Structures are given as C-alpha cells and as structure tokens.
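Open the model in your viewer and keep the selection panel at hand. Each stop below tells you what to pick and what is there.

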Amino acid sequence: FWRWIACGFACWLAALLLSLTPAWEEGSLELRLTYDGLFVAFYLQLFLATTKAPHAPRAAAQRDASARLVALGTVIFGVGMTAYFDLIPYLLDRSDFGSRAPAFYLFLALDFSLIARAAAQVRATATRWRMPPESSCG
C-alpha cells in the first residue's frame, strides 16, 4: 500500500519538476503529453493502492489470486483513458490538444473513477465506524 502511494507521489513530483523547467515555457506538445503521462501514472498508483489493505498484514484481498487481474485491469483502464483523452487528440488535432481541454476531461474522468472506487469500498466494508450510543458516553 505505502509503496504504491510513494511511487504515485514520486510521479506527481516528477510532473511538478517538469513544469518548472525552462522548456515548459516553450509549450511543447510532447512535453505536455509527458506531463499528462506522469499524472496518469500518479492516478494509477492511487488506484492500485486502493486494492491493498494496509491495516491487515495478510488480508484476503492481497492473497487473492485475482489481485493480479485487478492490477492488470487497472493499468488497462489507465492506458485506455490516456489513449482516448490524450493520445487521440494529440495525433488527430494538435490545436485542440494545445487547448488542454482533453487533459482536463482526462483528469476529471480519473477523479470521478477514483471517487467511485473509494465509495464502493466504503459500502463493501462489513464493519462500519459509528459513534457510540449517547447512553454509553458517560
């Protein structure tokens, strides 16, 4: 879990450092595509971290044989989203890609997907955190 989070934030930091380079001011489309790729890698690391259970050392989700399938599906999802929202506009209409609208929609879709995955995991938990009843609080 923590390795996925650390790798994700390393990708985020690399994207931030890339945006601070002098070449960033030139507005190269290839550089912006690399920047978007680093952010997609950040999101993928967060998605993969949500498949782990750091509170349980030998959680069933980590030992499950389908964990690799979930990881593969997550990577395919990220690559597909990047291809649809970033690569196709870059290859077909570079003026539209320069507007940064495709990247905005890519990250908006990734945000909603991450929120949906977190909401599904919250609903799937067997035990919920609750406030103690008023009478037992003293």
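Select the whole protein chain. Of its 138 residues, 30% count as buried. The model is a predicted one. The chain exposes about 9,500 Å², and carbon and sulfur atoms supply 67% of that area.

Now colour by secondary structure. You get six helices and zero strands. Read from the N terminus, the order is α-α-α-α-α-α. Among contacts with a separation of 6 or more, residues 24 or more positions apart account for 69%.

**Stop 1**

Select residues 2-19, which form helix 1. Leu 13 is found here. Is Leu 13 buried or partly exposed? Its relative accessible area is 41%, so Leu 13 is partly exposed.

Together with Leu 13, they make a nonpolar surface patch of about 580 Å².

**Stop 1: the cysteines**

Stay in helix 1 and pick Cys 7, which lies there.

Compare the cover on the two residues. Cys 7 has a relative accessible area of 40%, so it is partly exposed. Cys 11 has 18% relative accessibility, so it counts as buried. The cut-off for buried is under 20%.

Before moving on, draw a C-alpha distance from Cys 7 to Leu 44. These two are 37 residues apart in sequence and 9.9 Å apart in space.

**Stop 2: helix 2**

Select residues 29-49, which form helix 2. The helix has 21 residues. From first C-alpha to last it reaches 30 Å, close to the 30 Å expected at 1.5 Å a residue. Helix 2 is mostly covered, with 15 of its 21 residues buried.

Pick Gln 45, which lies in helix 2. Its relative accessibility is 14%, so Gln 45 counts as buried. Which residues does Gln 45 contact, leaving aside its neighbours within four places in sequence? They are Trp 4, Cys 7 and Gly 8. Show those side chains, and you are back at Cys 7 from the previous stop.

**Stop 3: helix 4**

Select residues 67-92, which form helix 4. Zoom to Gly 78, which lies in this helix. Its relative accessibility is 0%, so Gly 78 counts as buried. Look for its partners. Not counting residues up to four places away in sequence, Gly 78 touches Val 40 and Leu 44. Draw the C-alpha line from Gly 78 to Val 40: the two are 38 residues apart in sequence and 6.8 Å apart in space.

Next pick Thr 82, also found in helix 4. Buried or exposed? At 15% relative accessibility, Thr 82 counts as buried. Leaving aside neighbours within four places in sequence, Thr 82 is in contact with Val 40, Leu 87 and Leu 106.

One more line from Thr 82. Phe 107 is 25 residues away in sequence and 9.5 Å away in space, C-alpha to C-alpha.

**Stop 4: helix 6**

Select residues 101-124, which form helix 6. Its 24 residues should span 34 Å at 1.5 Å a residue. The end C-alpha atoms are 35 Å apart, which agrees.

Which residues of helix 6 are buried? Pro 102, Ala 103, Leu 106, Phe 107, Ala 109, Leu 110 and Leu 114.

Definitions and conventions. Residues numbered from 1 in each chain as written. Predicted model: local features only at pLDDT ≥ 70, side-chain atom pairs only at ≥ 80, totals over all residues. Heavy atoms only, no water. Helix = DSSP H or I, 4+ residues; strand = E, 2+ residues; numbered from the N terminus. Expected span 1.5 Å × (residues − 1). Buried < 20%, exposed > 50% of the residue type's maximum accessible area, 1.4 Å probe, protein only. Patch = residues over 30% accessible without salt bridge, like charges linked within 9 Å, V, L, I, M, F, W, Y side chains within 5 Å. Areas by Shrake-Rupley, 256 points an atom, 1.4 Å probe, with all protein chains shown as cover. Salt bridge = Lys/Arg side-chain N within 4 Å of Asp/Glu carboxyl O. Contact = heavy atoms within 4.5 Å.
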